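Here is a briefing on the model shown below. It takes confidence, then helix packing, then a sheet.

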Amino acid sequence: MAQIKDPAEAPPTRPPPWNDPRIRAIVFQVLVSAGAVALAAYLVRNLMHNLEMRGISTGFGFLSNRAGFAINQALIPYSEESSTYGRTFVVGLLNTLLVSGLGIVFSTILGFIIGVARLSRNWLVAKLALAYIEIFRNLPLLVQILFWYFAVFLNLPAPSEALHIGDSVFLTLRGLYLPRPEAQAGFGWTVSALVAAIVASVVLAHWSRHRQERTGKPFPAYLGSLVLLAGVPLAAFVLTGRPLLWVKPELAGFNFVGGIAVIPELAALLLSLSIYTAAFIAETVRAGILSVSHGQTEAAYALGLRPSWALRLVIVPQAMRVTIPPLTSQYLNLTKNSSLATAIGYPDLVSLFAGTTLNQTGQAVEVMSMTMAVYLVISLVISMFMNWFNARMALVER
Amino acid sequence: MNAIQAVDSTANAASAGPAMVELHGVHKWYDRFHVLKDISLSVAEGERIVICGPSGSGKSTMIRCINRLEEHQRGRIIVGGVELTSDVKNIEKVRSEVGIVFQHFNLFPHLTVLENCVLAPMWVRKTPRKAAEQAAMEYLERVRIPEQAKKYPGQLSGGQQQRVAIARSLCMRPKVMLFDEPTSALDPEMIKEVLDVMVGLARSGMTMLCVTHEMGFAKTVANRVIFMDGGEIIEENEPEAFFMHPQHDRTKLFLSQILNH
Amino acid sequence: MTTHRQRHADLPPPSAPMGGLGWLRKNLFASPQDGALTLLALYLLYLVVPPLVEWALIKADWRGTRSETCSRAGACWAFIHVHLNQFMYGFYPVAQQWRVNLAIALLGALIVPLLFKRFALKRWQGAVLLLVYPVVAFYLLVGGRFGLSHVETSKWGGLTLTLVIAIVGMVAALPLGILLALGRRATNMPVLKTLCVAFIELVRGVPLITVLFMSSVMLPFFLPEGLNFDKLLRALIGVALFASAYMAEVVRGGLQGIPKGQFEAAAALGLGFWKSTALVILPQALKLVIPGIVNTFIGLFKDTSLVLIIGLFDLLGSIQAANADANWLGFSTEGYVFAGCIYWVFCFSMSRYSQWLEKKLQTGHKR
């Protein structure tokens, strides 16, 4: 080391490269990337070799090949003779979205009811809600699905001895049959009336809010909207002579025709998904309500606010902030769990595409990537929504 | 000195006025625990009462009974001529005439300061928004933070938040103001700003019941100081007599504990 | 004005006795709506509980060796009884089942003291559990050495298989998850961070069933020809990778909860990254998220039931197989109820333990 006359003037000493943290980081990353690339290359080489050995083609051309198998629930036209594998993808996707969407709606309703019940002052109601949550949370979803399908739905009577409500609703081993509404001439008026009612309630909400701000007098806008939404379309419906025909399911041979058919696979999957997820949603709702400190309720009451107003203006806004993120997480879980449809043969994306199609074409890589991509896109969309929601709703702090 | 004398004279005049808050033989139990024992108290209009005592003595419980945040099981409580029973209409009436300031502020974090203040006037007194906002700004000026009107509670310091809480209660134009240890949760340097606001409020003639350990405040502003222990009122007196010549042993012990530092 | 009085004695509370009747009034019939709710709830209970008890207990058949001996009036627990060995051990040779029992007993003996603070010797036991036990358990279960006969993994099944998958999955997921969490927080190495984030988000965004399909169907494609993986091993790899992504997020939460001062203090003492992480940061972070770790394990335990879809006969899978037994048709309800009870007992106990632990740790964390 050279003699330094004035230490402040000397340039900063640089450490030898092997001790410099920046260089170490770079070297480490280079090694990691090189390793990752090498591993990937090795795996891909094996993959190509194995595919070739078994005569499996690559690429997405298989999507336009004829599929040739039947599907017992298709929301878009699908024929065993002519539809392609690409179409099975779409059919499966739509079935997944159907069961997930309905599941989200039912589980939310049930979950909110049970979550509020859990907080009830009534000891019996609160304990029953607790029992529900503890029972269904701790039972694997697959056990519940299999139970509902094999032990319940497949033990229903045959169509000739169906359980029924009047002559419109039939529950059999082949499914649940409901009457199908068929719009007749003049139904358009009812639809337009509904649209008009929606617009009117929005206008009503705005007007009543402005009136309150101007004059101080509140107006029961929620009640008014409810009356509008229910009353106006109903009035239009009656006045145009009730133009709706209910096509009832009728027993023809071994099964029912006409009407809406809900296959037992869908019913079992939907029921178990809703019951299972509702237990988690109930806990989320409860945590959200409990997160609002009691002092908030007291301050609201002390100012003279009625309990219903305190709930609407003070408690629910704060509870919602805490509830929405885990709630969307549960929705995501429900959508992913719908893939268990494979176990009972409900034709969702995984069972149709990653199941039957993959077995028939052998093109595992393409099929699995497409399937996983769908779920990833759904997760991504929900994550983005949650980030947006959190940023928008976050309580402003220092 | 003049200010204090002025305040005293108002107090003496007011002690002959109509009773604003009356408690007659009030008892309260939490399950088996007897938390308020035979409380009788009369507060005239314009009087300022300071209530002190060790923790667990029932002081907070007592003032929270006055706006029905707690329910009493025996005895009568009459506020502004309205008796507090389980009648919901009576409770609402009393609550709109009584304001309370909590130890932990309890501002609504999802609303701005201004929105916190206009919420109750708009929904309970049906005041139009413009008028409510105007009045709110006046009160915010009175507590000396009008510039924070558009901010959210989370952006304010503890002292500022408590002052907003006071303004929020004042916007309902209450006849009585309750203070439940308003400065206990504040850092020392913020206590003065809140006490100043409370002194200003006292000077304007507001009827106040304060649970507090701030004895300086008691000496400046109170007409009466009440000492509670074990759920009962042990001693009541004018501030000077209370601090200089405590009568009861328990009072003497308490005062020696808090005045020594 | 001065007032002082004689001190009052405590008086008893007024009117309604807090005995049975008062409690009923307050909790069940406080208002007319409340009373209506109570009656509704009682009616629901009446609809559900007596038929259930009648089916499961009163009219049930507990013994029998053939399905004909079961009257169909109630549950036929004979079905369970006959297949019980299969439900517990799968097709593990009966003569060798003592090895499974021994492995589980050893695990219990090692874990229980760790769970309850009162029994000390923790560090010693942790080391044995993580290093010695896996080897011992492996040889006990698989055999082939030390005079123990070899039992192929295809014979493993039932509750044994469920426990093996859950425990191995968890044990593998913990270190992997820790590494992933550390990698995700390495802001000075963007390539590493991106790789970790990509892995975690990818695995958490897809259903477990697709990961299992990938590992059981596609893994053979990625390996050189001839190298064939044991079916159970493929499933274990899938489960471990899946659980490690969730574990990574749990550990990340714990790391975020450590105040910056801890990192600074460790660095100031001269501890490098690995030493400070292992000795100072991780012990605190893991302790913070023990409830989260237990919850992940509960989820994993429930998820093991999915392996029946890829052809492994865990507890649920063996019940499905027994349901297809030609001699015992029509008892699927009993099978699922039995499986449900076993899963429920495990999961409920673990969740109770997690809640107890959380309460205990919270009081220790006075801020």
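**Confidence**

Chain C averages a pLDDT of 84, and 93% of its residues score at least 70. pLDDT is the predictor's confidence in each residue, from 0 to 100. This is a predicted model: local features need pLDDT of at least 70, side-chain atom pairs count only at pLDDT 80 or more, and totals for chains, interfaces and linings use all residues; side-chain values use heavy atoms, without hydrogens and water. Residues are numbered from 1 along each chain as its sequence is written, with chains lettered from A and ligands numbered from 1 in the order in which they are written.

- The model scores ipTM 0.87 and pTM 0.83.
- Among the elements of chain C, helix 6 (residues 158-184) has the highest mean pLDDT, 93.
- Helix 1 (residues 20-28) of chain C has the lowest, 74.
- Helices (H or I, at least four residues) and strands (E, at least two) are DSSP runs, numbered from the N terminus.

**Helices 6 and 12 of chain C**

- Helix 6 of chain C packs on helix 12 (residues 290-303) of chain C at about 140 degrees, with the axes 10 Å apart.
- Therefore helix 6 of chain C is oblique to helix 12 of chain C.
- Axes are lines fitted to C-alpha atoms, for helices over the stretch in contact; angles run from 0 to 180 degrees between N-to-C directions.
- Angles under 35 degrees count as roughly parallel, over 145 as roughly antiparallel, 65 to 115 as roughly perpendicular and the rest as oblique.
- In the contact (heavy atoms within 4.5 Å), helix 6 of chain C supplies residues including L163(C), I167(C) and M170(C).
- Helix 12 of chain C answers with I293(C), F297(C), L300(C) and F301(C).
- By class, this contact has nine nonpolar, two polar and no charged residues.

**Helices 8 and 9 of chain C**

- Helix 8 (residues 208-222) and helix 9 (residues 231-256) of chain C pack at about 140 degrees, their axes 9 Å apart.
- Helix 8 of chain C is therefore oblique to helix 9 of chain C.
- Residues of helix 8 of chain C in the contact include L208(C), V211(C) and L219(C).
- On helix 9 of chain C, R234(C), I237(C) and F242(C) are among the partners.

**Sheet in chain B**

- Four strands of chain B form an open antiparallel sheet in the order 2-1-4-5.
- Strand 2 (33-44) and strand 5 (82-83) of chain B are the edges, each pairing on one side only.
- Strand 4 (residues 74-79) of chain B pairs with strand 5 of chain B over two bridges, and pairing requires at least two DSSP bridges.
- I78(B) stands opposite E83(B) in strand 5 of chain B.

Definitions and conventions: Nonpolar A, V, L, I, M, F, W, Y, C, P; charged D, E, K, R; others polar.
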